[in-house]
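Welcome! Here is a short briefing to read alongside the sequence and the 3D view.

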Amino acid sequence: MAVDRERVAALVRDLLEAIGEDPDRPGLKQTPQRVADAYTEFFSGVGADPAEPLAHIISIARGPAPDTLPSGAVMLRGIRFRSFCEHHLLPFAGHAHIAYLPGEQVVGLGALPRVVDILAARPQVQERLGEQIADTIAAALDARGVLVVLDAAHDCVTMRGGRQTDATTVTVAARGAFTDPAARAELVSLISGGAS
C-alpha cells in the first residue's frame, strides 16, 4: 500500500493551522509536501512482505561450501534501524542484533538488515518489532533457533514527559533453541561485549 502523498500534505497543512501556524508563510510553505515525501520513505514497509529478502536461501549441504557446516549460531550485530512509535508518531532508533542457529539453510547476511528495514518502516512498538523479526526469520528458514535483541532510544521518552535523554529500551525475542536462557546467554554476552 503506497502512502497517499497528497492526502498527507493536506493533513499536515491542517495540522499547521491547528497549532496556530500559517502554512503559507515562507518557512512552512513547502513543509506539507516535504512531510509527505518523508512519510513515503518512513512508512514504506506498510503492506510490504518482510520475508521477501529471505526468499533466496542457500543450502548448506548443496551450497557453495558444502564442507563448511556451521557448528554454532550466525550473528549479525549492530544493524541500525529507525521506526516510528505508533503511540505518538515520534521516532525511535537504535541497533538490532540478530542471531540464528542454522538447520540446513542459511541466507545471505545482507538479507537480515532488509527484514529489519521493512518491519521498522511502519508504525511500530519496539516489543512487537523484535517479535515480528524473529517470527519472519523462523518461518522463512529452517533455523533451530532465532534471537533478536533491539536496543533503541525513543523520542517519546527523550523529548517529552520525563525527558530521559540517555535512556534506551532493550527488548529480546527468542525462538526455538534460544528460548532456553542458558542457550542464549553466550549470544547475549557476545552482543554486550561488541555492541557500541
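## A first look at the fold

Residues 24 or more positions apart account for 69% of the protein chain's contacts (heavy atoms within 4.5 Å) that have a separation of 6 or more. Please keep in mind that this is a predicted model, in which local features need pLDDT of at least 70, side-chain atom pairs count only at pLDDT 80 or more, and totals for chains, interfaces and linings use all residues. Residues are numbered from 1 along each chain as its sequence is written, and side-chain values use heavy atoms, with hydrogens and water left out.

**Overall build**

- The protein chain has six helices and seven strands, taken as DSSP runs numbered from the N terminus (helices H or I, at least four residues; strands E, at least two).
- Starting at the N terminus, the order of elements is α-α-β-β-β-β-α-β-α-β-α-β-α.
- The C-alpha trace spans about 65 × 35 × 20 Å along its principal axes.

**Burial**

- Of the 196 residues in the protein chain, 35% count as buried, meaning under 20% relative accessible area with a 1.4 Å probe, protein chains only.

**Helix 3 and helix 4**

- Helix 3 (residues 111–120) and helix 4 (residues 126–140) have axes that come within 10 Å and cross at roughly 135°.
- Helix 3 contributes Leu112, Val115, Val116, Leu119 and Ala120 to the contact, and helix 4 contributes Leu129, Gln132, Ile133, Thr136 and Ile137.

Technical notes: Axes are lines fitted to C-alpha atoms, for helices over the stretch in contact, and angles run from 0 to 180 degrees between N-to-C directions. Buried means under 20% relative accessible area, exposed over 50%, partly exposed in between (1.4 Å probe, protein chains only).
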